[in-house]
Amino acid sequence: VSTQSTGPLPTLPCTAMERLRRKMNVLGYPKVDTFSTENFSSVVELIRWLEDAKIRNYQIEQRAELQESNPDWTISFFNYLEDVGCTSEYTKHNLKDKDTILTVLEWLLNHAIALEYHDNADKYNQQAAQAKISKNNFDPAEFETDEFKNALATLATQLGLPPNENPSALLDAILRVVNRKLTPEMVSEELKKQSSNQADKKEVFQSWDEKRFPPGFDTGDPVLNKAVSILRLLYVSDLRVVQSQINQIISLCQSYTANPKTDTKLGKTGK
């Protein structure tokens with residue numbers, strides 16, 4: 001018997017274990033560091049703690065069925081999962097398999113976190129609101145650090161703003177520029193342009209005729225031949241740039257050596 005799955009089984013047990021440990025820490029489980037899915041006693045102890053401290057679906061006397069000493073523990077645990085409405089995929093025969101126990105434990109942890117939030121929603125919402133207010137308010141001391149000033153100056157330069165010795169005023173100017181230039185519509189338009197440019201480049205590549213600029217050898221792959229042809233053309237373009245730079249250097253040197261003046265006092269020819 002199985003219930004409907006909410007997602008695929010984990011393919012990376014290590015990553016799944018990290019998720020479990022984070023959720024155990026959120027709930028305040030005292031034995032996170034020693035927990036292991038390889039240790040059956042450790043798994044049972046976590047399940048017992050979740051039921052006793054967080055989920056509390058059973059009456060106290062019913063929870064004895066989840067003790068490790070119960071010879072029918074697998075059946076009792078299966079019934080428990082059915083009672084709490086676990087939506088992970090499991091059967092009576094695979095509840096001790098590593099992949100199954102990982103997904104079942106993660107569901108129980110998620111369920112416990114949801115119950116914890118439901119019981120203390122006002123407290124957590126108030127904490128979240130305070131954290132948001134705190135995050136949006138700058139500490140005045142932060143404006144005086146060199147790291148903050150340098151970062152602000154770099155950002156202002158990138159946005160084309162003139163330097164300003166007042167960090168608060170410069171930050172205000174940056175915010176105005178960002179709000180004016182980086183609107184959702186403008187960002188969306190820029191993304192469309194980038195997408196269009198990528199499409200244009202793809203079209204150029206697909207329509208490229210390597211016969212116009214032969215690669216000089218055949219790779220046996222038409223697509224690779226196009227790439228080689230384009231790379232060769234770019235290489236020639238770079239060589240032309242280098243040649244132009246060399247010509248400029250030669251011209252500069254000639255300006256110092258051409259038309260030498262004669263100084264008869266020195267008895268030699270020189271500049």
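This is a short tour of a predicted model, stop by stop, with what to select at each one.

**Whole chain**

Start with the protein chain in cartoon view. It holds nine helices and two strands. Followed from the N terminus, the order of elements is α-α-α-α-α-α-α-α-α-β-β. Colour by accessibility next: of the 271 residues, 24% count as buried. For contacts with a separation of 6 or more, residues 24 or more positions apart account for 39%.

**Helix 2 against helix 3**

Select residues 40-55, which are helix 2, and residues 73-84, which are helix 3. Two packed helices are described by the angle between their axes and the distance between those axes. Here the angle is about 35° and the axes lie 13 Å apart. The crossing of helix 2 and helix 3 is left-handed.

Now show the side chains that make the contact. From helix 2, pick F40, V44, I47, E51 and I55; from helix 3, pick W73, F77, Y80 and V84. By class, this contact of helix 2 with helix 3 has eight nonpolar residues, one charged residue and no polar ones.

In soluble globular proteins, nonpolar side chains tend to be buried together.

Centre the view on L81. Which residues is L81 in contact with, leaving aside its neighbours within four places in sequence? They are C86, Y90, L95, V104 and L108.

**E106 and its two partners**

A search of the whole structure finds nine salt bridges, and E106 takes part in one with R19 and in another with K23.

For E106 and R19, the closest N and O atoms are 2.8 Å apart. This pair links distant parts of the chain: R19 is in helix 1 (residues 13-27) and E106 in helix 4 (residues 98-119), 87 residues apart. For K23 and E106, the N to O distance is 2.8 Å. That pair also links distant parts of the chain, with K23 in helix 1 and E106 in helix 4, 83 residues apart.

Are K23 and E106 buried or exposed? Both are buried. E106 counts as buried because its relative accessible area is 14%, under the 20% cut-off. R19 has a relative accessibility of 25%, so R19 counts as partly exposed.

For the last stop, select R48 and D52. Their side chains meet in a salt bridge of 3.6 Å, N to O. Both residues lie in helix 2, four residues apart, about one turn of the helix. D52 counts as partly exposed, at 31% relative accessibility.

Salt bridges that share partners join R48, E51, D52 and R63 into one network.

Notes
Residues numbered from 1 in each chain as written. Predicted model: local features only at pLDDT ≥ 70, side-chain atom pairs only at ≥ 80, totals over all residues. Heavy atoms only, no water. Salt bridge = Lys/Arg side-chain N within 4 Å of Asp/Glu carboxyl O. Buried < 20%, exposed > 50% of the residue type's maximum accessible area, 1.4 Å probe, protein only. Axes fitted to C-alpha atoms, helices over the stretch in contact; angles between N-to-C directions. Left-handed = near helix turned anticlockwise from the far one by under 90°. Contact = heavy atoms within 4.5 Å. Nonpolar A, V, L, I, M, F, W, Y, C, P; charged D, E, K, R; others polar.
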